[in-house]
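I opened a notebook for this one and wrote down each thing as I looked it up. The entries follow the order in which I went through the model.

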Amino acid sequence: MSKLPQEYKFIDVSDYGRKPGRFIAKMLVNTSATPIHVTTSFIVAGLIAIACILSGYYYAAAFFIVLKSILDASDGELSRLKKTPSHTGRYYDSIADLFLNFLFLSAIAYVTETAFGVMLLAFFGIQLQGTIYNFYYVTLRNNVNGDATSRIFENDTPTAFEGEKQSTVNQMFAVYSAFYGPFDKIIYALDKQAAYSKPFPKWFMTLISIYGLGFQLLIMAVFLVLDLPEYIIPILTWYSVLILVFVGIRKLFLK
């Protein structure tokens with residue numbers, strides 16, 4: 001099942017894991033496996049990738065990074081196939097992504113002898129990149145009656161869906177807000193009116209999709225395969241300047 005109606009689908013360069021992820025989800029739909037199980041599996045894949053980076057096995061690291069992206073697509077697909085939307089799963093997924101991103105960059109910084117402060121700057125950058133992509137994508141989905149599990153403004157604790165505990169949602173939302181809240185506030189401050197604009201055109205969404213997590217991870221994987229890990233942190237850091245370009249395009253031309 002797609003997150004968007006057919007007429008609003010766009011080429012998402014960060015979503016290369018969607019088709020294999022959907023295949024995995026279809027294999028699991030009639031089993032006892034849950035989206036939470038799949039999310040946990042991508043955490044394991046990510047941790048294996050980090051161990052490979054630290055050990056110098058860059059081809060293996062790239063493989064597990066791409067596998068992580070595929071499994072990251074599978075959990076949402078499985079949730080939609082089983083018709084079990086979950087705020088718990090949504091927050092668990094996002095929190096896992098954030099910590100894995102930090103560990104990916106930490107491992108790369110370690111093997112390239114990059115200063116911790118420089119690594120933190122790259123981490124801050126990729127989190128902002130992902131936040132603005134998600135902000136525009138979730139806005140589009142909500143404005144065209146697409147998948148609405150994610151909310152445009154995560155300002156208050158959502159009501160639990162059937163099948164999940166409100167107490168668990170409360171806890172997961174608190175953790176999510178603590179780690180993602182600052183990034184959300186920065187992006188909201190830059191372009192809060194985006195939530196009230198007309199549906200974004202496909203070309204704009206394709207452009208902004210270079211900030212999707214899948215594409216960020218693909219950059220890591222490619223430079224690991226090329227045995228050029230020292231380029232990853234600088235590229236992901238300077239890549240962030242395009243945030244202002246995208247915000248400018250939205251404000252000037254997509255009101």
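**Notebook: helices, core and charges**

I started at Val 175, and I found this residue in helix 6, which covers residues 166–191. Helices here (H or I, at least four residues) are DSSP runs, numbered from the N terminus.

Before going on, I noted that this is a predicted model, where local features need pLDDT of at least 70 and side-chain atom pairs count only at pLDDT 80 or more, while totals for chains, interfaces and linings use all residues. Residues are numbered from 1 along each chain as its sequence is written, and side-chain values use heavy atoms, with hydrogens and water left out.

**Surface patch**

**Helix 2**

I checked the length of helix 2, residues 35–55: its 21 residues should span 30 Å at 1.5 Å a residue, and its end C-alpha atoms are 30 Å apart, so the two agree. The expected span is 1.5 Å times one less than the number of residues.

Then I looked at which residues of helix 2 are buried, and they include Val 38, Phe 42, Ile 43, Gly 46 and Ile 53. What covers them? Among the elements over the buried residues of helix 2 are helix 1, helix 3 (58–81), helix 4 (87–112) and helix 8 (213–225). After helix 2 comes Gly 56, with a positive phi near 85°.

Helix 5 runs over residues 116–143, and its 28 residues reach 40 Å from first C-alpha to last, close to the 40 Å expected. Just past helix 5, Asn 145 has a positive phi of about 60°.

Next I looked up the largest nonpolar core and found 69 residues in it; Leu 105, Tyr 136, Met 205, Tyr 211 and Met 220 have the most contacts inside it. Helix 5 gives the most to this core, twelve residues. A nonpolar core is a set of buried Ala, Val, Leu, Ile, Met, Phe, Trp, Tyr and Cys residues joined through side-chain atoms within 4.5 Å.

What does Met 220 touch, leaving aside neighbours within four places in sequence? I listed Ile 65, Phe 104, Leu 105, Ile 108, Ile 232 and Leu 236. Contact means heavy atoms within 4.5 Å.

Val 247 sits in helix 10 and is buried, with a relative accessible area of 6%. Not counting residues up to four places away in sequence, Val 247 touches Ile 132, Tyr 136, Leu 190 and Asp 191.

Leu 4 lies in the segment before helix 1 and is buried too, at 6% relative accessible area. With residues up to four places away in sequence not counted, Leu 4 touches residues including Phe 10, Tyr 137, Leu 140 and Val 144.

**Salt bridges**

Side chains of opposite charge can pair when their charged atoms come close. I counted ten salt bridges in the structure, each a side-chain nitrogen of Lys or Arg within 4 Å of a carboxyl oxygen of Asp or Glu.

Arg 151 pairs with Glu 154, with the closest N and O atoms 2.6 Å apart, and both residues are buried.

Asp 191 and Arg 250 meet at 2.5 Å, N to O. This pair links distant parts of the chain, helix 6 and helix 10 (residues 242–253), with the partners 59 residues apart. Asp 191 and Arg 250 are both buried.

Elsewhere, salt bridges that share partners join Asp 15, Arg 18, Arg 22, Glu 77 and Arg 80 into one network. Within it, Arg 18 and Asp 15 are bridged at 3.0 Å, N to O. Arg 18 is in helix 1 (residues 18–28) and is buried at 15% relative accessible area, whereas Asp 15, at 25%, is partly exposed.

Methods:
Helix = DSSP H or I, 4+ residues; strand = E, 2+ residues; numbered from the N terminus. Buried < 20%, exposed > 50% of the residue type's maximum accessible area, 1.4 Å probe, protein only.
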